[in-house]
Amino acid sequence: MEDNFKMIAKTFFGFEEILANELKALGAQDVEQGIRMVSFKGDKGFMYKANLSLRTALKVLKPIHTFRANNENALYKGISGINWSKYLNANQTFVIDATVHSDHFNHSEFVSQKCKDAIVDQFRERTGQRPSIDKAFPDLRINIHIGKDQVSVALDTSGNSLHQRGYRTATNIAPINEVLAAGILILSGWEGQSDFLDPMCGSGTFLAEAAMIACNIPANINRKEFAFEKWNDWDNDLFDQIINSLMKKVKEFHYTIKGYDKAPSAVSKAKDNIRNANLEDYISIAEDNFFDTEKNSQGKLHMVFNPPYDERLDIHMEEFYKNIGDTLKKSYPGTNAWFITANLEALKFVGLKPSRKIKLFNASLEARLVKYEMYEGSKRTKFQVADKE
């Protein structure tokens with residue numbers, strides 16, 4: 001049996017707990033939450049499984065060394081102390097991603113350059129040859145994190161951020177990040193237990209992520225490649241075995257997933273992306289204005305959407321958010337409606353009191369994920385108290 005080793009999964013603020021739960025459900029050992037990250041242990045097969053399966057991870061890193069450095073010489077010496085031939089050949093390429101939170105080092109570019117010099121010099125001294133830098137398609141992606149004088153060196157097992165699932169080739173203005181979408185769906189309690197609607201579906205990200213959650217389809221099954229596929233210890237048979245095992249756990253879904261958008265271009269892009277994800281059997285998309293629609297299904301409806309709140313989108317904010325509240329109130333009884341907005345002022349105009357508010361970030365914008373419970377019958381009027389706050 002291969003030994004377990006420590007890994008770190010990076011995520012967004014507010015998703016630490018759900019990422020930890022995802023890891024535990026997959027079978028990770030020693031799961032510990034941090035800030036925007038969760039550490040855990042597993043073997044090589046689990047590293048493959050984590051990258052394929054995790055919905056709320058942005059990257060999975062494999063730490064290989066830590067040391068202290070408070071100047072450039074100590075940094076160079078610490079990086080030189082790692083035997084890089086274990087991970088890299090002289091004829092391969094690499095790139096360094098550096099993150100610096102330290103009074104001793106001001107620029108991440110400088111740190112990257114110094115670490116690159118240490119690695120290249122080690123190869124030149126030992127072999128007379130040196131690996132090259134390739135920022136676009138490196139054989140090895142190295143992650144350097146400096147906090148105060150603590151330097152952490154890790155191998156990036158993922159490569160490009162794991163939000164790049166591989167199905168979204170067409171996007172609209174301000175598309176929502178796939179990891180953010182998946183995390184919002186999980187926070188909303190979505191597990192595939194009812195009909196689902198995204199009434200402002202844009203390029204279809206919530207729809208695709210909702211279908212994959214409902215059917216237990218691995219989040220990154222459509223992704224073209226992971227960084228570990230270029231590693232010296234890459235095991236193609238093991239990887240295929242992990243995929244087969246995960247695909248055996250895919251389950252049936254017995255409800256509907258629908259998306260509306262009033263822009264024909266958005267509907268077209270969303271349909272392309274859903275086709276790319278091989279999810280057409282589960283999802284239907286129609287050109288429609290949410291404010292002209294009504295609930296057309298029996299039982300509970302789970303609604304999640306990302307209304308426009310960006311200055312690039314031309315809407316009258318007060319009227320738009322009032323229309324959201326009016327449409328939910330009049331046309332969507334028996335609905336749990338969730339949406340995310342970074343326009344915190346605009347929430348006042350919805351005219352309904354949210355039953356939950358969760359602080360998140362959409363890119364650098366502080367946002368709120370809000371929930372409105374729309375009741376059937378007499379409960380509707382009882383609980384729809386206008387938000388006077």
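The legends below describe close-up views of a predicted model.

**Figure 1. The whole protein.** The protein has 10 helices and 15 strands. Along the principal axes, its C-alpha atoms fill a box of roughly 80 × 45 × 40 Å. Of the 389 residues, 53% are buried. The protein exposes about 18,500 Å², and carbon and sulfur atoms supply 46% of that area. Of the contacts between residues at least 6 apart in sequence, 76% join residues at least 24 apart.

**Figure 2. The aromatic pair of F253 and Y255.** The structure holds 23 aromatic pairs. One of them is formed by F253 and Y255, with 6.1 Å centre to centre. Their planes stand at 55 degrees, and the pair is tilted. F253 counts as buried because its relative accessible area, 9%, is under 20%. Y255 has a relative accessible area of 42% and is partly exposed.

**Figure 3. The aromatic pair of F291 and F320.** F291 and F320 form an edge-to-face pair, with 5.3 Å centre to centre and 70 degrees between the planes. This pair links distant parts of the chain, 29 residues apart. F291 is in the loop between β11 (283-287) and β12 (301-305), whereas F320 belongs to helix α9 (residues 317-331). F291 is partly exposed, at 23% relative accessible area. F320 is buried, at 12% relative accessibility.

**Figure 4. A cluster of aromatic rings.** F291 and F320 also belong to a cluster linked by ring pairs.

**Figure 5. A lysine over a ring.** K62 lies over the face of F5. The distance from the ring centre is 4.2 Å.

Figure 6. Seen from C215, the closest cysteine sulfur is in C201. A disulfide would need the sulfur atoms within 2.5 Å. C201 is buried, with a relative accessible area of 5%. C215 is buried as well, at 0% relative accessibility.

How values were computed. Residues numbered from 1 in each chain as written. Predicted model: local features only at pLDDT ≥ 70, side-chain atom pairs only at ≥ 80, totals over all residues. Heavy atoms only, no water. Phe/Tyr/Trp six-rings, centres within 6.5 Å; stacked < 30°, edge-to-face > 60°. Buried < 20%, exposed > 50% of the residue type's maximum accessible area, 1.4 Å probe, protein only. Helix = DSSP H or I, 4+ residues; strand = E, 2+ residues; numbered from the N terminus. Lys NZ or Arg CZ within 6 Å of the ring centre and 35° of its normal. Contact = heavy atoms within 4.5 Å. Areas by Shrake-Rupley, 256 points an atom, 1.4 Å probe, with all protein chains shown as cover.
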